[in-house]
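Q: I'm new to reading structures and would like a close look at one part of this one. Could you walk me through the place where the two chains meet?
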There are 2 protein chains.
Amino acid sequence: VNISVRKRNAAATRAAILASARQAFARSGYDGAGVREIAQAAGVTAMLVNRYFGSKEQLFAEVVSTTMQSTRLLTEEILNSPDPAAGMAEALVGITAAGETPLDGFRITLNSASSERAAEIARDLLEEHYYSTLAAVLHGPDADHRAGLLLALVAGVQVMRQMVGLPALDDAPTVARLIAPLFRQLLNPGPP
Amino acid sequence: VNISVRKRNAAATRAAILASARQAFARSGYDGAGVREIAQAAGVTAMLVNRYFGSKEQLFAEVVSTTMQSTRLLTEEILNSPDPAAGMAEALVGITAAGETPLDGFRITLNSASSERAAEIARDLLEEHYYSTLAAVLHGPDADHRAGLLLALVAGVQVMRQMVGLPALDDAPTVARLIAPLFRQLLNPGPP
């Protein structure tokens with residue numbers, strides 16, 4: 001087997017393990033999902049899973065990373081545009097269209113809620129993925145709280161548009177138009 | 001057995017069935033939870049569950065109703081106060097303190113996501129619980145969309161403060177102060 005085939009196989013094996021782990025963590029949470037079960041569903045051995053990912057903790061972190069889709073709101077292009085709030089609102093409406101983004105991230109977080117270690121990993125990843133990016137655009141006082149509320153608004157729109165399917169939020173252009181001033185308020189807070 | 005004892009027993013039985021159903025729906029979702037299993041955990045027969053609640057659908061609706069805690073934001077007192085947005089922000093921060101409101105509502109919705117009937121019931125209840133109340137305070141254009149976004153913001157703060165435990169949202173007074181203008185914008189939208 002030459003090197004490029006080995007590389008391709010390694011990438012395919014890695015992807016298969018990640019997909020299997022994502023399903024298992026979504027279904028059973030961090031504590032409930034076992035490395036052996038994840039390996040079996042991916043058609044590999046538990047030893048191989050550990051060789052690829054180091055530990056169940058690291059595998060969990062990789063999976064949770066892949067569910068953090070909201071980075072699509074915080075692209076360079078949107079953040080450097082004349083009206084970042086409008087761009088973010090439009091992107092948010094896009095990723096929360098029915099059937100657009102899978103809700104695995106919510107499932108994993110909820111079903112892992114009993115594990116303090118899993119919550120810690122998720123919090124660290126949120127900070128790593130978003131805070132550094134948001135810090136660059138959020139000026140003025142309480143920047144960290146405003147970043148947190150921005151993430152809360154994103155999560156809430158995902159819940160109500162995707163999870164619940166609230167009819168009042170069906171109309172994408174109207175929703176985007178109404179979300180933009182909320183983002184604007186969080187990016188550049190005016191007088192209270 | 002006199003009437004008041006019978007009534008008390010009926011109320012206790014009803015409460016036991018609801019508690020058992022809440023656990024079962026949170027764990028297994030609408031399709032996965034069986035009336036027989038719910039009855040057994042409550043120490044009664046499936047026939048009695050149906051006598052009390054009519055059907056699994058109606059039992060599900062009752063359980064989901066009990067999880068809709070956000071009505072505590074929309075009390076007469078808050079809505080008729082001089083600054084409803086500030087009152088709602090304070091109430092939201094109160095109900096999303098760590099360990100305050102159980103996350104069963106999220107668990108039930110997520111784990112029932114595969115059932116179209118369960119989603120329909122949840123949407124109907126949301127409309128029944130919130131829309132009529134919100135319609136009374138939301139004037140001007142796009143009132144239904146703004147009501148939906150208000151619910152999204154509430155859900156998102158619950159996710160980030162309770163489910164994820166985001167450290168940036170720990171400080172209750174600061175969070176309440178920053179949420180108030182967002183509610184204000186949704187209640188009385190200014191220029192975009």
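A: Happy to! Keep in mind that this is a predicted model, and let's begin with the overall extent of the interface.

On one side, 44 residues of chain A are in contact with 44 residues of chain B. Together the two chains bury about 4000 Å² between them, and carbon and sulfur atoms give 78% of that area.

Now for the charged and polar links. The count between chain A and chain B is 2 salt bridges. In a salt bridge you can look up, the side chains of R177(B) and D142(A) meet, with 3.2 Å from N to O. Across the interface there are also 6 residue pairs in polar contact.

Which parts of the chain build this side? The elements of chain A that give two or more residues to the side touching chain B are helix 7 (104–111), helix 8 (116–137), helix 9 (143–163) and helix 10 (172–187). Helix 9 of chain A brings the largest share, 14 residues.

Next, the symmetry. Two copies of a chain are related by a rotation about an axis and a shift along it. Here, a rotation of 180° with 0.0 Å of shift along its axis superposes chain A on chain B, with an RMSD of 0.0 Å. That is the relation of a two-fold axis. If you want to find the axis from chain A, look for G156(A): its C-alpha is the nearest one in that chain, 1.8 Å from the axis. The same surface serves both copies, as 100% of the contact residues of chain A recur in chain B.

Q162(A) has its place in helix 9 of chain A. Its relative accessible area is 14%, so Q162(A) counts as buried, the cut-off being under 20%. The side chain of Q162(A) reaches the backbone oxygen of A97(A) at 3.2 Å. Leaving aside neighbours within four places in sequence, Q162(A) is in contact with I95(A), T96(A), A97(A), G99(A), E100(A), T101(A), L103(A) and V157(A).

Technical notes. Residues are numbered from 1 along each chain as its sequence is written. Chains are lettered from A and ligands numbered from 1 in the order in which they are written. This is a predicted model: local features need pLDDT of at least 70, side-chain atom pairs count only at pLDDT 80 or more; totals for chains, interfaces and linings use all residues. Side-chain values use heavy atoms; hydrogens and water are left out. Contact means heavy atoms within 4.5 Å. Buried area is the accessible area (1.4 Å probe) that two parts lose on being put together, summed over both. A salt bridge is a side-chain nitrogen of Lys or Arg within 4 Å of a carboxyl oxygen of Asp or Glu. A polar contact is a pair of N or O atoms within 3.5 Å; within protein, one must be able to donate a hydrogen and the other to accept it, and residues adjacent in sequence count only if both atoms are side-chain atoms. Helices (H or I, at least four residues) and strands (E, at least two) are DSSP runs, numbered from the N terminus. Copies are superposed by least squares on the C-alpha atoms of residues with pLDDT of at least 70 in both. Buried means under 20% relative accessible area, exposed over 50%, partly exposed in between (1.4 Å probe, protein chains only).
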